[in-house]
Amino acid sequence: MIELHYWPTPNGHKITMFLEETGLRYAIKPINIGKGEQFEPAFLAISPNNRMPAIVDTEPADGQGPLSVFESGAILEYLATKTGQFLPVDTRSRFAVLEWVYWQVGGLGPMLGQNHHFNRYAPEKIPYAIDRYVNETRRLYGVLNKRLDGRAFVAGDDYTIADMAAYPWIVPHEAQGMDMADFPHLKRWFDAIAERPATQRAYALGEPIRAGFDLTKDEEARKVLFGQGAKS
């Protein structure tokens with residue numbers, strides 16, 4: 001069983017996308033970041049950077065008791081290794097995937113996060129900061145668009161954790177000031193992933209969580225939140 005400590009943000013969606021693709025048994029433990037639950041001692045014990053998502057694998061391969069993993073890129077790599085899915089074994093193909101996972105966690109996510117902050121949440125609108133991060137967002141979209149020219153997915157012909165890492169950060173493209181018509185290869189890739197049943201199930205998970213359903217009483221919520229969607 002994978003215990004997923006989660007809130008429906010881009011980094012959280014990465015992990016539910018993977019779990020829904022593989023059919024791996026999991027249970028969601030909501031971490032309401034709006035209420036500051038990411039600072040509670042029990043969560044900090046598994047995610048010392050007070051950021052979600054984090055996981056606890058109650059049945060790791062080494063058989064030495066529960067294993068916790070924090071940071072979304074590390075979680076994707078761990079789960080891909082555990083299941084043998086969405087991350088190739090051969091060295092060249094494996095690192096073609098991992099370099100784009102690290103590109104996302106080191107660049108795409110943080111820069112687009114700053115875009116979101118200064119455009120939507122900052123109490124003071126600072127034109128320099130907005131321009132800086134919108135322009136960097138456009139540059140990163142351009143990098144991904146060029147990469148996808150002639151490739152079905154980020155690392156090649158196969159859908160991998162590199163795609164799962166990047167996709168959730170492209171979902172709010174309008175709020176980021178981006179027009180997908182300017183990035184045709186990226187748009188084709190984005191639309192293909194949006195149509196995957198596992199992607200749709202992963203995003204549907206956010207609705208009952210945001211609505212605050214009581215997971216101990218609402219049976220329909222439990223069916224969704226405990227990862228019982230059909231494997232795609």
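The largest nonpolar core of this predicted model has 64 residues. Leu79, Leu144, Ile161 and Trp189 are the ones with the most contacts inside that core. In soluble globular proteins, nonpolar side chains tend to be buried together. Here is a short tour of the core and some packing around the fold.

**Around Trp189**
- Setting aside neighbours within four places in sequence, Trp189 is in contact with Leu144, Leu148, Ala152, Phe153, Val154, Asp163, Ala166, Tyr167 and Ile170.
- One of these partners, Leu144, is also listed with Trp189 among the residues with the most contacts inside the core.

**Helices α1 and α3**
- Helix α1 (residues 10-22) packs against helix α3 (residues 72-83) at an angle of about 10°, and their axes are 9 Å apart.
- The two helices are therefore roughly parallel to each other.
- From α1, the contact draws on Asn11, Lys14, Ile15, Phe18, Leu19 and Thr22, while α3 brings Ser72, Ile75, Leu76, Leu79, Ala80 and Thr83.
- Sorted by class, this contact has 7 nonpolar, 4 polar and 1 charged residues.

- Thr137 sits in helix α5 (residues 127-147).
- Its relative accessibility is 0%, so Thr137 counts as buried.
- Beyond neighbours within four places in sequence, Thr137 is in contact with Met111, Leu112, Asn115, Gln176 and Met178.

**The buried side of α8**
- Ala198, Thr199 and Ala202 are buried in helix α8 (residues 197-204).
- These residues lie on the same side of α8, because they cover an arc of only 100° around the axis.
- The elements covering the buried residues of α8 include β1 (2-6), α1, α6 (161-170), α7 (184-194) and α9 (206-210).

Technical notes
Residues numbered from 1 in each chain as written. Predicted model: local features only at pLDDT ≥ 70, side-chain atom pairs only at ≥ 80, totals over all residues. Heavy atoms only, no water. Helix = DSSP H or I, 4+ residues; strand = E, 2+ residues; numbered from the N terminus. Buried < 20%, exposed > 50% of the residue type's maximum accessible area, 1.4 Å probe, protein only. Contact = heavy atoms within 4.5 Å. Core = buried A, V, L, I, M, F, W, Y, C linked by side-chain atoms within 4.5 Å. Axes fitted to C-alpha atoms, helices over the stretch in contact; angles between N-to-C directions. Parallel < 35°, antiparallel > 145°, perpendicular 65-115°, else oblique. Nonpolar A, V, L, I, M, F, W, Y, C, P; charged D, E, K, R; others polar. Arc of directions from axis to C-beta.
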